[in-house]
Amino acid sequence: MRFRHRAAAGFATLLLPFAGLVGLASPAEAATSATATYAKTQDWGTGFEGKWTVKNTGDTTLSSWTVEWDFPSGTSVTSAWDADVTSSGTHWTAKNKSWNGTLAPGASISFGFNGSGTGAPSNCKLNGGSCDGGTTNPSDSAPSAPGTPTASSVTDTSVKLSWSAATDDKGVKNYDVLRNGTKVATVTTTSYTDTGLTAGTSYSYTVQARDTADQTGPVSGALSVTTTGGGGTDPDPGTGGKVKLGYFTEWGVYGRNYHVKNLVTSGSASKITHINYAFGNVKDGKCVVDDTYAAYDKAYTADQSVSGVADTWDQPLRGNFNQLRELKAKYPNIKVLYSFGGWTYSGGFAQAAANPAAFAASCKSVIEDPRWADVFDGIDIDWEYPNACGLTCDTSGAAAFKNLMAALRSEFGSDYLVTAAITADASDGGKIDAADYGGASAYVNWYNVMTYDYFGAWDKTGPTAPHSPLTSYSGIPKAGFNSADAIAKLKAKGVASSKLLLGIGFYGRGWTGVTQAAPGGTATGPAPGTYEAGIEDYKVLKTSCPATGTVGGTAYAYCGSNWWSYDTPATIGTKMTWAKNQGLGGAFFWEFSGDSSNGELVSAINSGLS
């Protein structure tokens with residue numbers, strides 16, 4: 001990508017039997033007894049307020065407590081206080097805070113939560129025992145996490161899972177198998193065959209052990225499996241049509257205040273097939289996570305999260321990665337790729353190209369980190385530019401890009417998507433000619449051809465020209481700087497049409513000091529922009545400087561002394577028709593946050609390719 005910025009009604013009291021993690025205590029501590037009582041303290045139809053009260057009914061001190069229960073599907077906790085509440089599917093667990101875990105004989109403590117839905121809790125357990133006053137034993141620890149499952153015998157409708165056993169001080173009784181976070185089976189062995197699946201569909205599996213006291217331990221690492229079939233001739237079988245891919249920027253959660261949930265509220269999530277998460281960095285010849293806080297540590301409240309459930313301080317994964325996991329659970333057709341490089345981080349590819357195999361292994365290690373292995377379905381390389389100049393200049397040679405992509409395919413195999421964002425410079429001797437994009441195409445599922453940023457206010461005095469022309473036109477400042485020429489040149493180099501995606505920018509580029517509305521005018525510098533001079537989001541330009549004409553298949557706008565070019569739903573429709581006529585694999589765009597709040601540009605891509 002060219003740029004990046006960091007920048008009350010009713011009271012119902014139930015006494016229920018309770019499955020939970022157990023706090024560790026001194027082995028010499030005597031067993032005690034306790035109760036857990038539930039009350040619905042408020043009910044407003046679509047939601048309610050609930051309260052649990054834990055009481056020590058024994059004669060020795062209780063040093064910690066864990067309450068567990070099941071809610072029926074459709075009922076969930078949205079926020080909680082005085083306890084740390086987590087969930088696995090429909091199973092909920094509440095653990096004491098650091099300051100309210102100790103209960104003397106006869107003492108009690110309450111914690112509350114807001115919930116959605118209408119269901120009541122069931123299967124209540126307190127410290128692994130009954131909620132109605134049975135014995136609790138703090139010295140009985142919960143089982144360990146089982147090993148991350150592996151897959152075999154994958155068919156259109158089934159997959160066999162296997163995992164290494166968990167351990168427990170009193171013995172493991174059985175294992176819960178979770179598909180996309182929901183329990184689908186409980187087995188006594190360390191394998192399970194899941195059936196009744198959909199062809200060409202990705203599923204995420206984890207496993208959780210239960211001990212003889214029915215305590216559940218932590219979930220295993222996640223395994224992502226895609227069933228066979230569902231193909232056709234799509235670049236990525238199972239999508240049911242053209243690729244419709246958008247870039248989600250890691251840093252957008254800051255100044256732009258754009259989060260994964262915005263894909264849901266805008267309606268865009270239901271209209272895309274793939275997301276490229278941008279960007280991972282390339283350092284010392286290796287793939288690395290860039291902003292670890294945004295990626296996997298930032299906590300989301302219930303109203304900010306895709307699932308509607310708040311992150312807790314001790315959950316294994318938070319941040320964008322967890323939100324993407326929740327998005328995939330809600331929209332299982334979406335696949336996510338981790339994109340490395342970009343304009344800022346492409347300088348690291350020269351060292352990576354010196355040892356492609358080591359680079360590929362480092363990338364796979366990042367993507368298969370057990371904390372988020374189920375989130376990513378592939379890798380995208382955004383090298384700007386192989387054997388040419390971007391922010392820095394590369395002299396790795398014409399074969400370097402092909403060698404890198406070959407190493408990635410060898411390392412990742414056929415189960416992962418391997419893609420690349422590439423130049424759209426079709427000028428004679430330009431960037432497309434600098435690397436072996438034709439040879440490298442044998443190893444990729446597709447190329448994201450960056451058919452934008454051809455012209456902009458880095459040429460401060462102009463001439464004004466559209467930054468994303470579909471075709472050439474009379475007076476275009478440079479030959480070969482348009483989408484049609486770029487696609488034609490890549491085809492001539494042996495890249496299949498189905499492996500080419502047309503690029504769309506969800507932003508405009510503009511000049512100020514312009515005195516004519518038509519393209520080709522002179523300027524005095526870049527037009528003012530929200531985050532950077534010379535660039536502005538579509539969602540701003542559509543009202544601040546509406547389009548006044550089209551040229552080369554894209555729109556331009558003249559307002560005051562400012563001249564902008566950008567794509568509109570209408571020009572995107574024209575470009576999608578052209579892409580289909582060319583037999584392209586689909587389209588991609590940079591990036592989600594530039595669109596309007598109702599996702600009108602994503603809608604135009606979706607309808608145009610359908």
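**Notebook: disulfides**

I started with C124 and C131: at -75 degrees about the S-S bond, their link is left-handed. I am working on a predicted model, where local features need pLDDT of at least 70, side-chain atom pairs count only at pLDDT 80 or more, and totals for chains, interfaces and linings use all residues. Residues are numbered from 1 along each chain as its sequence is written, and side-chain values use heavy atoms, with hydrogens and water left out.

I checked the sulfur atoms of C124 and C131 and found them 2.0 Å apart, a disulfide (a pair of cysteine sulfur atoms within 2.5 Å). C124 is buried at 2% relative accessible area, and C131 is buried at 0%. Here buried means under 20% relative accessible area, exposed over 50%, and partly exposed in between, with a 1.4 Å probe and protein chains only.

Next I looked up C389 and C393. Their sulfur atoms lie 1.9 Å apart in a disulfide. The link is right-handed, with 110 degrees about the S-S bond. C389 is partly exposed at 37%, while C393 is exposed at 54%.

Then I turned to C545 and C559. Their disulfide has sulfur atoms 2.0 Å apart, and -115 degrees about the S-S bond makes the link left-handed. C545 is buried, with a relative accessible area of 1%. C559 is partly exposed, at 22%.

Last, I searched the whole structure and got 4 disulfides. Counting bonded cysteines along the chain, I read the pattern as 1-2, 3-4, 5-6, 7-8.
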